[in-house]
Amino acid sequence: MAHPTATEEATTSGLAPFESWGRYPTYNATVRPLHWQGDFPGVLEGIHGGALAVGMGRSYGDVCLLKEGTLLQTTSMNRLLAFDPATGLLTAEAGITLAQILDFAVPRGFFLPVSPGTKYVTLGGAIANDIHGKNHEMAGSFGNHVPQFELVRSNGTHMLCSPRENPDYYAATIGGMGLTGVITWAQLRLKPIVSRGIDYEGIQFHGIDEFLDLKERYKHVEYTVSWIDCVSRGKNFMRGIFMLGDHSKDPGELKTSSKPKLVFPIEAPGFMLNRATISAFNTVFFHKQLKPHVKTVQDYEPFFYPLDAVLKWNRMYGKAGLLQFQYSLPWETAKEGTIAILREITNSGLASFLAVLKTFGDVPSLGMMSFPMPGIMFALDFPIKENVSFPLMQRLGDMTRDFGGRLYSAKDACMTPDQFKAFYPQWERFARYKDPALTSSFWERVTGQEGDR
Amino acid sequence: MSTSANPEPTLPTRRNTDPSAKAEPVIGPKRILVLGATSGIAEACIRLWAERGDSLYLVARNADKLAAVAADARTRGASYVNFAVVDLDKTASHPEMLAHAINSLAGLDIAYLALGILGEQPRAERNFDEAAAILHTNFVAPVSLLTWLSNYCAQRHAGTLAVLSSVAGDRGRKSNYIYGSSKAGLSAFLAGLRNRIDREGVKVITIKPGPVKTAMTQSMKGSEKFADVDKVAATIVKAIDKGQDELYVPGIWRIIMGVIQVIPERIFKKLNL
């Protein structure tokens with residue numbers, strides 16, 4: 001057709017607030033959807049102030065935000081392109097979500113090689129943040145299962161990236177926070193399953209030594225993760241539940257999951273999250289498991305994605321939003337560092353209930369800027385309290401740096417340029433692969449370029 | 001605009017069964033021709049048909065987009081997928097394209113017409129070429145396709161012609177009356193066609209979507225509140241299976257348009273709709 005349609009004409013939709021999962025910070029941006037692989041870089045025509053591809057916006061801080069810029073939302077670019085049931089190799093456009101991949105894969109007897117804590121993230125986002133799951137010791141991170149993808153740069157160059165072709169761009173893009181270009185499609189190696197079931201065990205523990213003993217005893221188990229209580233002191237300091245599971249070997253029905261029906265209805269008022277309610281939650285959670293050791297077969301949904309059952313649960317933290325603190329520490333300092341940092345958190349009285357402790361194995365990540373390192377990983381959500389939360393985050397960030405660890409960019413809203421450069425000393429090498437037209441509020445913050453656009 | 005006599009060529013058949021045999025319920029995968037296959041609503045329907053193993057022949061004008069839609073359909077499990085890159089504005093090419101498609105599918109159970117453009121109303125108010133282009137793509141081209149297809153189906157006493165019209169065709173409004181009139185013409189054509197060939201055993205289905213969240217509508221005001229395309233597609237696929245004559249989707253639009261249609265013209269002409 002010779003005439004342009006409304007779609008083909010540059011859209012003029014204006015700036016509007018865009019939220020990440022933590023709902024802090026929130027910046028105005030113009031959203032331009034990518035519907036087709038060929039939409040980028042043409043979509044950049046006429047824009048000012050930089051652009052950034054974004055998927056589901058499930059990272060917590062500002063890694064998926066661009067203040068006063070253009071966000072290229074990829075979620076309509078979600079086609080399946082090929083699947084080989086002999087090898088489990090799936091090719092799909094980058095805006096497909098892991099939930100959509102599971103809907104396709106599970107009835108065919110396949111599963112994600114690495115599952116994060118939510119299935120509502122895109123394939124492109126999973127690569128760009130090189131996400132990890134409960135099987136890091138055995139499987140490494142997400143990028144280890146992505147043999148190749150296509151990267152399109154703002155100058156129109158199409159690059160096939162794999163460990164052999166354009167290996168430097170392959171490494172820079174895995175964990176590259178969307179800054180190296182737009183991933184149009186990617187391949188993912190799925191793994192076979194025979195059942196939706198997970199052979200699950202939950203074991204109560206007290207203190208880090210018991211945690212490390214359990215870790216050692218169950219190192220043959222694929223998935224392990226621990227919930228820990230960051231509120232209790234004294235003899236209950238660092239009590240928790242060590243949760244482990246393997247895909248069930250007994251063949252079971254491989255139906256697709258039903259869609260979640262619960263939505264967290266309102267923004268909870270700030271007073272609902274206080275020491276008393278959180279303490280009560282932690283005690284209930286610890287004793288929910290009545291026996292010190294339970295064994296059962298659980299569906300994969302509650303095992304991998306317990307919070308996905310309630311859509312928009314981040315509203316629980318109210319209007320102000322939440323901060324997540326997530327570190328990995330190397331083995332040399334992991335135990336001493338974890339005790340020191342948890343003591344600082346417990347003493348602050350600011351902890352909430354969603355605290356996770358696990359270990360990272362030594363499968364090397366393929367990404368230049370990947371987060372995992374062999375040792376201990378810990379993650380905790382904090383409600384935002386004026387004048388208290390931010391100084392605490394600074395102290396915790398400094399402690400992480402002094403123990404030789406690093407924070408996770410995908411969860412961060414607080415790290416300083418000095419901290420970032422200590423966590424990721426390779427950042428200048430990475431910057432050489434950055435696409436000049438793409439940037440993020442995170443990148444501008446941690447490289448000290450705020451306001452340069 | 002080219003005019004075409006739409007002659008129906010004789011079709012060589014690759015099936016063992018006689019395609020002109022009396023209509024009987026189709027067992028197994030359906031043979032579906034999708035015209036305008038890269039439209040958002042069409043693509044969502046294609047995914048559902050592919051997942052249940054139907055055979056698909058897809059037509060659209062952009063080769064890259066069409067290849068991606070076809071790859072998706074194949075991966076999801078369509079029994080057969082083929083496609084043709086064709087500019088459906090060129091009505092002269094319709095008979096050959098349709099004959100080829102039906103050969104390729106070895107028959108036809110459903111033809112789904114989703115071609116259409118929103119156009120630019122303000123421009124079309126001043127520029128006849130813009131208005132004519134909207135009318136051509138949304139009305140003239142479908143009439144050309146349906147003329148050929150209705151005769152093919154009527155002769156065989158079988159088949160379903162499912163066509164995307166719009167609630168915008170139910171009453172002209174100042175914000176989109178060029179698009180609306182193209183769809184009004186299409187709805188009237190379909191009503192007449194149904195009246196003519198329903199008795200021949202051919203189903204004609206008029207689909208009237210309200211605003212749906214797709215690439216076509218992304219620049220419209222309030223588009224984030226539009227209907228979810230996957231839910232709309234599921235409703236359409238079900239209505240086609242049932243052979244429903246007319247479908248408003250989401251269903252609330254039957255009521256909304258019912259109200260809009262009964263407003264007296266002396267009041268209506270003063271409203272800002």
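Trainee: What makes strand S18 of chain A count as mostly covered?

Mentor: This is a predicted model, so we work from its computed positions. Strand S18(A) runs over residues 322–330, and eight of its nine residues are buried. Buried here means that 20 or more other C-beta atoms lie within 10 Å of the residue's own.

Trainee: How do you know that S18(A) pairs with strand S20 of chain A?

Mentor: Two strands pair if at least two bridges are found between them. Nine bridges join S18(A) to S20(A), residues 375–383, so the pairing holds, and the two run antiparallel.

Trainee: How is chain A divided into domains?

Mentor: Domain 1 spans 80–193 and domain 2 spans 197–414. Their centres, taken over C-alpha atoms, are 24 Å apart. The contact between them takes 30 residues from domain 1 of chain A and 29 residues from domain 2 of chain A.

Trainee: Which elements give two or more residues to the domain 1 side?

Mentor: In chain A they are helix H1 (98–105), helix H3 (136–139) and helix H4 (167–173). H3(A) gives the largest share, four residues. By type, that side of domain 1 divides into 11 nonpolar, 14 polar and five charged residues.

Trainee: Let's turn to chain B. What does its secondary structure come to?

Mentor: Chain B has nine helices and seven strands. Of its 273 residues, 45% count as buried. Among its contacts between residues at least 6 apart in sequence, 71% join residues at least 24 apart.

Trainee: How do you know that the span of helix H5 of chain B agrees with its length?

Mentor: Helix H5(B) has 29 residues, 128–156, and at 1.5 Å a residue they should span 42 Å. The end C-alpha atoms lie 40 Å apart, which agrees with that expectation.

Trainee: Where is the kink in H5(B) centred?

Mentor: The kink, of about 45°, is centred on His136(B). Just after the helix, His157(B) takes a positive phi of about 55°.

Trainee: Why is Ile252(B) called exposed?

Mentor: Ile252(B) has 11 other C-beta atoms within 10 Å. The cut-off for exposed is 12 or fewer, so Ile252(B) falls in that class. This residue is found in helix H8 of chain B, residues 252–262.

Trainee: How many residues separate Ile252(B) and Asp54(B) in sequence?

Mentor: They are 198 residues apart in sequence, and 30 Å apart in space, C-alpha to C-alpha.

Notes. Residues are numbered from 1 along each chain as its sequence is written. Chains are lettered from A and ligands numbered from 1 in the order in which they are written. This is a predicted model: local features need pLDDT of at least 70, side-chain atom pairs count only at pLDDT 80 or more; totals for chains, interfaces and linings use all residues. Domain bounds come from an automatic or database domain assignment. Two residues are in contact if their C-beta atoms, placed from the backbone, lie within 7 Å. Ala, Val, Leu, Ile, Met, Phe, Trp, Tyr, Cys and Pro count as nonpolar, Asp, Glu, Lys and Arg as charged, and the others, Gly among them, as polar. The expected span of a helix is 1.5 Å times one less than its number of residues. The bend at a residue is the angle between axes fitted to the seven residues ending there and the seven starting there.
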